[in-house]
2 protein chains.
Amino acid sequence: MQEPKTITIYSVGLIGGSIGAALKASGFGGRIVGLSSEKGINTALSRNLIDEGHPYSDLSTVVKQTDLLILCSPILTIIDTIKILGEMELPNGLVITDIGSTKRAIVDAANKYLPPQVKFIGGHPMAGSERSGPDASDPNLFSGAVYVLTPADKNDTSAIDSLSTFLRKYLRCRTVAFDPATHDSVVAAVSHLPHILASALVLCAHEREKSIPGTLTLAASGFRDVTRIASAKYDIWHDIFATNKEAIIPLIDSYINILNELKTLLSNDALKERFEEARSIKESMQTLT
Amino acid sequence: MQEPKTITIYSVGLIGGSIGAALKASGFGGRIVGLSSEKGINTALSRNLIDEGHPYSDLSTVVKQTDLLILCSPILTIIDTIKILGEMELPNGLVITDIGSTKRAIVDAANKYLPPQVKFIGGHPMAGSERSGPDASDPNLFSGAVYVLTPADKNDTSAIDSLSTFLRKYLRCRTVAFDPATHDSVVAAVSHLPHILASALVLCAHEREKSIPGTLTLAASGFRDVTRIASAKYDIWHDIFATNKEAIIPLIDSYINILNELKTLLSNDALKERFEEARSIKESMQTLT
């Protein structure tokens with residue numbers, strides 16, 4: 001594809017709004033259309049995240065004038081929107097992407113419902129915030145962050161390259177391509193499992209609080225770091241768990257195996273080697289980010 | 001005890017040095033003696049953390065002129081020092097405290113080795129830094145932090161109150177008293193278990209990296225938060241694990257039980273209630289710190 005002239009952002013929340021803000025800040029010369037609630041449109045227009053706003057019900061009209069459609073809803077809503085798009089008249093050469101945190105279910109839906117003249121390339125920017133909504137939009141949200149692309153058709157390298165170039169230019173992110181199932185296995189390990197571990201630790205410490213009141217008052221910075229993500233709202237995680245539990249469940253088992261190994265080492269005063277291995281992996285990761 | 005006139009800090013590292021710095025900053029009018037390596041003494045003197053410095057071998061002389069002795073070494077060294085102190089001539093009314101991260105083994109040693117004319121009150125300031133050594137000293141390290149006291153003799157409330165008042169006045173910390181075994185159960189849940197969980201997550205993600213290269217490049221802020229404490233040096237943790245594994249091991253089992261429960265809920269799309277419980281516990285903790 002050539003650089004898109006009209007971009008439509010479907011749902012202008014934190015991520016959609018930040019994409020609009022980044023496009024504006026980076027000097028994107030085309031038109032940015034936002035589909036959102038009335039309140040969302042007003043906020044997005046007043047913050048100059050989009051050039052024009054429409055209600056969601058205008059999708060079938062708006063999409064005809066769109067070169068690049070970016071679906072920025074929660075995962076299950078993205079899948080519903082793909083189904084609805086499949087029943088619409090879509091322009092030749094339309095490129096559709098999304099920002100959902102799991103990719104297999106979304107790319108499967110795209111393969112199933114979208115017509116062949118449309119190119120679908122799944123996307124997952126590894127950036128976020130504890131805040132939400134267009135008011136939290138940040139033109140630098142993606143700056144330096146990894147943005148994963150998971151094309152529905154791996155052979156269409158030209159469309160992937162074009163979208164990748166476009167995102168790097170305007171969002172200043174780094175792009176990397178994975179197939180959808182591989183992406184989901186990876187984020188199960190580095191994002192979804194950590195979330196479950198953090199919540200489980202809060203519940204475990206709270207059990208001790210019930211038997212020893214005051215336990216939680218001794219929680220210092222280490223505990224707060226480990227459990228920070230347990231403060232996230234469940235809504236967005238519902239869709240992640242619903243679409244990736246097949247990858248997460250066996251990983252919980254792998255993790256429990258490691259914990260049992262560490263427990264045995266602990267009882268034998270022999271944790272040193274595995275702890276230093278973990279520390280050295282952490283150190284090698286400093287150079288990655 | 002009256003407010004001590006001469007305080008001796010045994011080992012002037014991050015914690016010992018910060019105690020000296022805090023005493024100076026808060027206008028402590030007495031004398032601060034530091035026992036350390038030659039290099040440690042020079043640093044501590046040049047940074048005005050202590051008034052005079054001695055090698056560790058001067059302990060038996062220095063302690064005779066001391067009202068409050070603060071043992072700031074790693075846990076097993078503190079226990080060794082308590083044994084050595086038990087063989088020395090100690091002044092009547094001497095108060096000894098320490099800063100070790102576990103308390104049962106230390107207070108047991110104090111009860112076993114120290115003579116009755118000496119009062120031992122275990123201590124654990126819930127404050128630290130990734131840095132170490134007197135160069136990292138910070139007069140505000142304890143400011144607002146919880147400082148746990150675990151007296152060897154619970155009935156000696158006057159000595160406990162005096163030390164507590166002294167610490168709050170000069171370190172500007174909050175003090176709380178626990179018996180040693182209770183303290184160790186609590187920190188097993190809020191400090192030692194989190195450390196093991198963080199290291200296990202690094203090892204688990206690294207296993208996935210071996211099968212899917214690039215896994216760790218997708219680790220974003222959530223992963224970094226959860227695994228931050230896995231960067232700590234093992235040295236200090238060796239002593240913690242050696243003296244508290246009895247409390248940590250059953251807690252690993254409790255944690256695995258919770259993980260298995262969450263796994264079952266995940267497979268039934270029923271995580272919501274437990275996740276919202278964890279979130280609400282986290283929210284209630286905001287008001288604690």
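Visitor: What makes chain A a chain with domain 1 and domain 2?
Guide: Chain A is divided into domain 1 (6-178) and domain 2 (183-286), with bounds that come from an automatic or database domain assignment. This is a predicted model, where local features need pLDDT of at least 70, side-chain atom pairs count only at pLDDT 80 or more, and totals for chains, interfaces and linings use all residues. Residues are numbered from 1 along each chain as its sequence is written, and chains are lettered from A and ligands numbered from 1 in the order in which they are written.

Visitor: How many residues of chain B are in contact with chain A, and what makes a contact?
Guide: 74 residues of chain B are in contact with 74 residues of chain A. Two residues are in contact if their C-beta atoms, placed from the backbone, lie within 7 Å. The side of chain B that touches chain A divides into 46 nonpolar, 15 polar and 13 charged residues. Nonpolar here means Ala, Val, Leu, Ile, Met, Phe, Trp, Tyr, Cys and Pro; charged means Asp, Glu, Lys and Arg; the others, Gly among them, are polar.

Visitor: Which residues does Ala200(A) touch?
Guide: Not counting residues up to four places away in sequence, Ala200(A) touches Tyr255(B), Ile258(B), Leu259(B) and Leu262(B).

Visitor: Why is a set of residues called a nonpolar core?
Guide: The name applies because the set holds buried Ala, Val, Leu, Ile, Met, Phe, Trp, Tyr and Cys residues joined through C-beta atoms within 7 Å. Buried means that 20 or more other C-beta atoms lie within 10 Å of a residue's own, placed from the backbone. The largest nonpolar core has 193 residues, and those with the most contacts inside it are Ile70(A), Ala200(A), Ile70(B) and Ala200(B).

Visitor: What distance separates the centres of domain 1 and domain 2 of chain A?
Guide: Taken over C-alpha atoms, the centres are 32 Å apart. The contact takes 13 residues from domain 1 of chain A and 12 residues from domain 2 of chain A.

Technical notes: A residue is buried if 20 or more other C-beta atoms lie within 10 Å of its own, exposed if 12 or fewer, and partly exposed in between; C-beta atoms are placed from the backbone.
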